[in-house]
Amino acid sequence: MNRERFGRWLPWVSTPLILVVFFLLWDVFVRVNGMSELVLPRPGTVFASLGELVTTGDTWYHARVTAIETISGFAIALVAGVATGVVLGKVRWMERSLRPLIVASQVVPKVALIPLFVIWFGFGITSKVIMAAMLAFFPIMLNVQLGVRSVESGQRDVMRSLNANRWQTFNHLEFKSTLPYVFAGMEVGIVLAIIGTIVGEYLGGSEGLGYLVVRTLNALDAPALFAVIILLSVLGLLLYFVVNGLKRFFIPWHESVYSMQETNA
């Protein structure tokens, strides 16, 4: 009982403790080495800048733009990735034909595509959404394809022996067997989506947190730059936890969720 209680409270104690130790070491490092605020500001200065940022409506506007671009790109990647993964998982000859093209499209440096997107779609939201979708698409598609192929032939035989039709087989077997793989791809995809959004804003944007990074960098305001990076980290964590929460809601029966719930119980 004590071990279960300890395991439940450990993340709430260890994570803040690690952060406190990290910021203390950061402060000591800056003090001992006498580093300039332009190179590495002290944590207190960074948190003061963070406080100023979160109290201005301009910052919340840029954060909202980044969130909208990320979620939109992720949603497009989710629909396209699931559809493509299902088709390629079921049609082997098509997977063999298209896999080289899909892989080749992913190894192209996405940063090199930003100027093209800016030319084609302008500096608005469209180019960032496309960049986020491109980065999030591949892990979702790959995991869905793996999930479709993970259904064993013996399980299909059992469904046939029960006189299940195609819809019943899909609903009770294939759909539920593939869902954990979908969420595994989503957890990776949401992280890559926000990276794609920030890269797009950084290289060709006039709004969003990525644009704030450029603005604070050009102003040589290192504390504000670190503060924006913290905001980006918080936004990424929130989006990741939303996806993780959806996983707990849709597949509470899966081992990855059930074992975690038992640990926290």
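**Close-up views of a predicted model**

The structure holds eight aromatic pairs, where rings of Phe, Tyr and Trp (its six-membered ring) pair if their centres lie within 6.5 Å, and planes under 30 degrees apart count as stacked, over 60 as edge-to-face and the rest as tilted. This is a predicted model, in which local features need pLDDT of at least 70 and side-chain atom pairs count only at pLDDT 80 or more, while totals for chains, interfaces and linings use all residues. Residues are numbered from 1 along each chain as its sequence is written, and side-chain values use heavy atoms, with hydrogens and water left out.

**View 1. The aromatic pair of F22 and F23.** The ring centres of F22 and F23 are 5.4 Å apart and their planes stand at 65°, so this pair is edge-to-face. F22 is partly exposed, with a relative accessible area of 48%, and F23 is also partly exposed, at 22% (buried means under 20% relative accessible area, exposed over 50%, partly exposed in between, with a 1.4 Å probe and protein chains only).

**View 2. The aromatic pair of W26 and F226.** W26 and F226 form a tilted pair, 5.5 Å centre to centre with 45° between the planes. The pair links distant parts of the chain, since W26 belongs to helix α1 (residues 2–33) and F226 to helix α10 (residues 222–250), 200 residues apart; helices (H or I, at least four residues) are DSSP runs, numbered from the N terminus. W26 counts as buried at 13% relative accessibility, whereas F226, at 23%, counts as partly exposed. F22, F23, W26, F47 and F226 form one aromatic cluster.

View 3. E69 lies in helix α3 and is buried yet has no salt bridge, the nearest side chain of opposite charge, K128, being 5.5 Å away; a salt bridge is a side-chain nitrogen of Lys or Arg within 4 Å of a carboxyl oxygen of Asp or Glu. Not counting residues up to four places away in sequence, E69 touches I125, K128, V129, A132, T197 and E201, contact meaning heavy atoms within 4.5 Å.

View 4. In helix α9 (residues 209–218) the buried residues are L209, G210, L212, V213 and T216. Seen down the axis of α9, these residues fall within an arc of 155° and so line one face of the helix, the arc being that of the directions from the helix axis to the C-beta atoms. L220, which follows α9, has a positive phi, near 55°.

**View 5. Confidence along the chain.** The mean pLDDT (the predictor's confidence in each residue, from 0 to 100) of the chain is 82, and 86% of its residues reach 70 or more.

Note on methods. Helices (H or I, at least four residues) and strands (E, at least two) are DSSP runs, numbered from the N terminus. Lys and Arg count as positive and Asp and Glu as negative; His and the chain ends are not counted.
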